[in-house]
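Colleague: I would like to learn how to read a structure such as this one. Please take me through it feature by feature.

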Amino acid sequence: MKPPQQQRGNVEGVLLSRKLFSSLLIALIVSLGLVCLYYGTSFAPGLRRRDRHPADGSDPVFRSFIAATSDEDEDLPSLSRDAPGLVIKSFPVCGMRFSELIPCLDRNLINQLKLKVNLSLMEHYERHCPPPSRRYNCLIPPPVGYRAVIRWPASRDAVWKVNVPHTHLAGEKSDQRWMVVNGDKINFPGGGTHFHFGAARYIVHIAQMLKFPNDNLSNGGNIRTVLDVGCGVASFGAYLLSHNIIAMSLAPNDVHENQIQFALERGIPSMLGVLGTKRLPYPSRSFELAHCSRCRIDWLQRDGILLLELDRLLRPGGYFVYSSPEAYATDEKNRRIWRAMGDLVQRMCWRIASKKNQTVIWVKPLTNGCYSRRDPGTIPPLCSSDDDPDAAWNVPMEACITPYSKKEVNRAKGSELVLWPRRLTTPPPRLEELSISPENFIEDNEIWHWRVMQYWKQMKTQIEKDSFRNVMDMRANLGGFAASLANKDVWVMNVVPVTESGKLKIIYDRGLIGTLHDWCESFSTYPRTYDLLHAWLVFSEIEKQGCSLEDLLIEMDRMLRPFGFVIIRDKVPVINYVRTFLTALKWDLWLSEVEPKVDALSSGEERVLIVRKKLWKEDDEIL
């Protein structure tokens with residue numbers, strides 16, 4: 001038997017070991033708890049993951065950003081709008097393979113998520129946005145050697161090859177004169193699939209076919225907005241500008257995947273989109289003319305549903321210009337397609353306005369008269385009375401014809417829209433549908449004219465006459481911001497949030513272009529495509545929807561060119577919050593903040609913050 005003193009020693013040792021074990025166990029549990037909190041998104045997709053690993057883009061989960069309130073970096077488990085002195089020092093940089101990432105048009109995502117898409121209906125070219133757990137929280141790097149863009153109008157004819165380093169189209173379309181590689185530049189001779197001798201001559205030819213005065217396709221200001229589907233590198237739209245016509249040049253991110261990237265680099269109005277299963281994001285009666293030059297679209301499929309989408313978008317009396325082998329080839333296959341096309345458009349009440357050589361031009365009726373004279377049961381049918389032809393965000397197409405309302409018929413007979421350029425500032429008839437008075441419209445125009453003047457004064461030390469070409473108004477309202485830039489050599493993508501979708505038709509009625517969009521998602525454009533982004537109360541609005549302000553900032557950075565500007569007009573707390581991210585976004589090349597004059601559109605106390613983006617390389621070195 002052991003002595004009592006030794007027994008007590010053994011007991012105390014056991015108790016000490018148990019206490020030590022308990023302490024270690026508690027420490028382990030606490031550590032595990034902290035790890036779970038720290039890496040929360042690994043287990044809870046709705047939370048943000050914050051780690052120290054390099055953002056090479058291999059992990060689709062949102063990455064961390066590094067914040068500091070002193071000289072030392074420290075991770076923050078959460079961000080507070082009220083955190084005084086907070087500065088986010090850096091975001092990770094995506095790998096170079098993501099230099100051209102378009103998050104909602106990423107076909108790799110379709111494969112990763114195993115989405116079932118119908119390839120024959122072009123669903124793989126439609127928008128499929130990543131869920132929050134698979135978004136990239138990193139900055140998109142410019143390509144190696146990126147240069148400040150060539151300025152308009154020289155950019156119409158040439159861009160730096162290093163900025164869009166894709167030359168396969170030059171070889172593939174060499175016989176059509178789409179583009180030519182010339183040393184460190186890519187030149188655009190103005191050719192197209194069906195206008196090898198140049199878009200300028202082709203446009204004059206169309207005007208002559210329609211017997212428009214002075215061979216000008218605008219027809220004295222009657223034709224202003226055009227939709228060019230399957231636009232290639234948008235040379236048709238580029239040469240329409242000299243006719244005072246603005247085109248929405250549209251093409252998918254398909255086998256010619258960089259065509260819209262080239263168009264935007266050139267400074268030509270354009271966006272990614274496809275005629276697939278969903279309506280294009282534009283309201284009804286938006287375009288005076290639609291154009292397809294061998295756009296490789298099967299117009300006969302699904303009872304003509306794609307041609308009926310163009311019908312929805314065309315104004316009364318609008319034209320469809322179609323240049324394709326079916327219009328002139330004599331082989332049996334093309335003759336069969338031509339006869340079927342003729343039968344379809346006849347049932348749609350379109351008639352041939354002119355046909356010559358390789359081009360046919362159809363015109364849409366001005367009234368409902370032809371529709372009422374069709375035989376019962378004619379396909380395509382008229383759309384149901386409860387169909388909203390202006391609903392265009394994630395709305396499936398329907399193979400039906402939308403008849404005109406009585407008001408539209410009366411307007412179409414000669415009083416719908418005034419001629420361009422008076423159309424820009426004249427209250428359009430469809431204001432009545434939004435219960436907006438002509439007086440309010442005029443006041444809105446005057447307010448934006450004043451605001452834009454103040455913006456330019458605020459930037460005057462930083463900008464030159466040609467500093468801007470591609471401009472986006474992220475919450476366009478009635479288009480007053482864009483209208484105030486009419487005397488500048490820019491074009492504006494007027495983005496109307498889906499919560500205010502009715503306003504987009506007013507923008508088109510003014511002779512401007514734009515699109516619907518939900519800023520909780522990524523926009524359908526390539527990185528580095530806009531010189532100026534204007535965000536009026538955009539952050540306040542998406543915050544109401546419960547969406548992330550940080551996500552929007554990263555998306556804006558993706559769209560913004562190096563040396564580009566951002567104008568943010570919003571409430572004071574929002575501006576203060578955005579300022580904490582400027583260093584991380586590399587938007588601190590220059591900045592200015594002012595308290596603006598209160599006007600009828602003000603929402604309480606606001607600030608105007610204007611910032612400029614730096615040019616940086618993948619290794620995060622600022623140039």
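This is a predicted model: local features need pLDDT of at least 70, side-chain atom pairs count only at pLDDT 80 or more; totals for chains, interfaces and linings use all residues.

Colleague: In what order do the strands of the open sheet lie?

Modeller: Helices (H or I, at least four residues) and strands (E, at least two) are DSSP runs, numbered from the N terminus. Two strands pair if DSSP finds at least two bridges between them. Here an open sheet of 7 strands has the order β15-β14-β13-β16-β17-β19-β18, and its pairing is mixed. At the edges are β15 (514-517) and β18 (590-594), each of which pairs on one side only. From one strand to the next the twist averages 15°; angles run from 0 to 180 degrees between N-to-C directions, and axes are lines fitted to C-alpha atoms, for helices over the stretch in contact.

Colleague: How many bridges join β18 to strand β19?

Modeller: There are 5 bridges between β18 and β19 (residues 606-612), and the two strands run antiparallel. Within this pair, Ser592 stands opposite Ile610.

Colleague: Which residues of β15 are buried on its two faces?

Modeller: In a regular strand the side chains alternate between the two faces of the sheet. Buried means under 20% relative accessible area, exposed over 50%, and partly exposed in between (1.4 Å probe, protein chains only). In β15, Gly514 and Leu516 are buried on one side, and Thr515 and His517 are buried on the other.

Colleague: Which strands does helix α11 lie across?

Modeller: Helix α11 (residues 438-459) lies across β16 (530-536), β17 (560-571), β18 and β19, and runs at about 45° to β19. Arg451 is in this helix. Its relative accessibility is 1%, so Arg451 counts as buried. Contact means heavy atoms within 4.5 Å. Leaving aside residues up to four places away in sequence, Arg451 touches Trp536, Arg569, Asp599, Leu601, Ser602 and Glu606.

Colleague: What do the buried residues of α4 pack against?

Modeller: In helix α4 (residues 199-209), the buried residues are Ala199, Tyr202, Ile203, His205, Ile206, Ala207 and Met209. They pack against α5 (235-240), β9 (287-293), β10 (314-323), β11 (351-356) and β12 (359-363). After α4 comes Lys211, whose phi is positive, near 60°.

Colleague: How many disulfides are there?

Modeller: A disulfide is a covalent bond between the sulfur atoms of two cysteines. In the model, a disulfide is a pair of cysteine sulfur atoms within 2.5 Å. By this rule there are 6 disulfides. With the bonded cysteines of the protein chain numbered in sequence order, the pairing is 1-4, 2-3, 5-6, 7-8, 9-10, 11-12.

Colleague: Why is the disulfide of Cys94 and Cys138 right-handed?

Modeller: The torsion about its S-S bond is about 85°, so the disulfide of Cys94 and Cys138 is right-handed. Cys94 lies in the loop between β2 (87-90) and α2 (107-112), and Cys138 in the loop between α2 and β3 (158-160), so the pair ties together parts that are 44 residues apart in sequence. The sulfur atoms of Cys94 and Cys138 are 1.9 Å apart.

Colleague: Is Cys129, in another pair, buried or partly exposed?

Modeller: Cys129 counts as partly exposed, because its relative accessibility is 26%. The sulfur atoms of Cys104 and Cys129 are 2.1 Å apart.

Colleague: What is the torsion about the S-S bond of Cys383 and Cys400?

Modeller: The torsion for Cys383 and Cys400 is about 90°, so this disulfide is right-handed. The sulfur atoms of Cys383 and Cys400 are 2.0 Å apart.

Key
Residues are numbered from 1 along each chain as its sequence is written. Side-chain values use heavy atoms; hydrogens and water are left out.
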